[in-house]
Amino acid sequence: MSIRSGPGDRVSGEVGRVVKSGAGQGGAGPGRVNLWSLAFVALCLVPFVMVLGNSMLIPVFPKIESALSLSQFQVGLLVTAFSLPAGLLIPFAGFLSDRIGRKKIIVPALVVYGLGGLVAGLASLWLRDPYKVIIAGRIIQGAGAGGTYQLAMALAGDLYGRENMPRTLGALEASNGLGKVVSPILGSAAMAISWYLPFFVYGIFSIPVAVLVLLAVKESNPGGEGKSTAQYFSSVKEIIKEKGLSLAVTFVVGFVALGMLFGLLSYLSDVLEQKFHLYNLRKGFAIAVPVTVMAATSFFGGIWLQRRKHLLKATIVLGMALTAAALFTIPIFDSPWYFFAVVVIAGLGIGMVLPPLNTLITGSADPEERGIITALYGTVRFTGVAVGPPAFGLIGFDSPWLFAAAAAITGVAGVLGWLFVDQERLLSKAA
């Protein structure tokens, strides 16, 4: 963050945006945040809607597999088709939002996200063999998702100021967690009516949210103080040069953690029906339990770590170790209660990993360069989500090697974190 003097005087970064904003949303200044204002509720609905993209569909996998005569691998590609384009487009959406404004990306992105769901739903309703068109609809959805959650966080920071970031971003993260909890229940409820109804739900939710963001959120300085393309990537190069190894390993840990989470959820969706004969809402509530544990652990773990930043790295390693141990022991006992307890422990471990990981990655860059770093991390997260379910399906849910391999990969990522993540270097001010 800098103040340049001369004819082109300007206050750069987020402070410039706050100064130019005058009164905040709903008449509150930058020092005050009304978490119940319509504008802030609209921003919180963005991550809520985005997280439905994969989580709501996972409980429907067995029904889709049966209705369309698909393999587990083909069904897993429904997650991949959504997550890969989202991950690839996040950095471009972040850069573009710096140049022309956040709302000009978020609103169309939400509309595209909803339209992709409608394409998949209408294909399922009208076509005899809709799988390829469903995949196309999911790709369209993913393209829209790439311009949602990360930009909503950036816009909240722009509007409410740096001093309010813990509170505002915490509320957005809580909304994301709520979406993870609600989505399997919502997906199961929709599935009870029809296996393709969840595709229509995306449009029913996202398009009204796009209208709400458009009308309720008043962006203070559309276009901000965006850098040129050369400056943008030059800044990234300097950060990578200084903190590259530690940053790369944190990205690897995030990739593995999210891949294991969604791979495990896809397995859980299948086994709850095939082995434990849970269907519809009962199945949705069962899937929601480990996700709730993960979200609650992330929320309260972040609060606990606020004054214990020296434990960030240790918490990541402990969470990955706990997840690896849980994954390894899943096939050992046949008791449904033991199985469910171990899955919950895996959710607990992943929930421990995410808050310190997010803190290290977000803190690795100064505000002027933070957007591109967090956007790249968003790409890595989406890629992990994309790879997890088809990888589990490709190995085979009945394979004795599935959870041994998953535990080994998770354990290796934890060890890499312990050996190569330098939290002091990551949190130090960029040179």
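This report walks through a predicted model of one protein chain, from its overall make-up down to single residues.

## Ground rules

Residues are counted from 1 along each chain as its sequence is written. Because the model is predicted, local features need pLDDT of at least 70 and side-chain atom pairs count only at pLDDT 80 or more, while totals for chains, interfaces and linings use all residues, and side-chain values use heavy atoms, with hydrogens and water left out.

## The whole chain

Let's start with the big picture. The chain has 16 helices and 2 strands; these are DSSP runs numbered from the N terminus, with helices being H or I of at least four residues and strands being E of at least two. Of its 431 residues, 56% are buried (under 20% relative accessible area; exposed is over 50% and partly exposed is in between, with a 1.4 Å probe and protein chains only).

Now for who touches whom. Take the contacts (heavy atoms within 4.5 Å) with a separation of 6 or more: 85% of them join residues 24 or more positions apart.

## The nonpolar core

A nonpolar core is a set of buried Ala, Val, Leu, Ile, Met, Phe, Trp, Tyr and Cys residues joined through side-chain atoms within 4.5 Å. The largest one here has 112 residues, and I64, V213 and Y267 have the most contacts inside it. Helix α10, residues 229-274, gives the most to this core, with 18 residues.

Look at Y267 up close. Setting aside its neighbours within four places in sequence, Y267 is in contact with F339, F392, F397, L402 and F403.

## Two helices side by side

Helix α4 (residues 72-100) and helix α5 (residues 103-126) pack at an angle of about 155 degrees, and their axes are 9 Å apart. That makes α4 roughly antiparallel to α5, a label for angles over 145 degrees. The axes are lines fitted to C-alpha atoms, for helices over the stretch in contact, and angles run from 0 to 180 degrees between N-to-C directions.

On the α4 side you'll find F82, A93, L96, S97 and I100, which meet K104, I105 and Y113 in α5.

## Two loop residues

V217 sits in the loop between α9 (197-216) and α10. V217 is buried, with a relative accessible area of 0%. Its C-alpha is 8.0 Å from that of L38, though V217 and L38 are 179 residues apart in sequence.

S69 is in the loop between α3 (61-68) and α4. S69 is exposed, at 65% relative accessible area. Its phi is near 55 degrees, a positive value in a residue other than glycine. Most residues other than glycine have a negative phi.

Conventions: Parallel < 35°, antiparallel > 145°, perpendicular 65-115°, else oblique.
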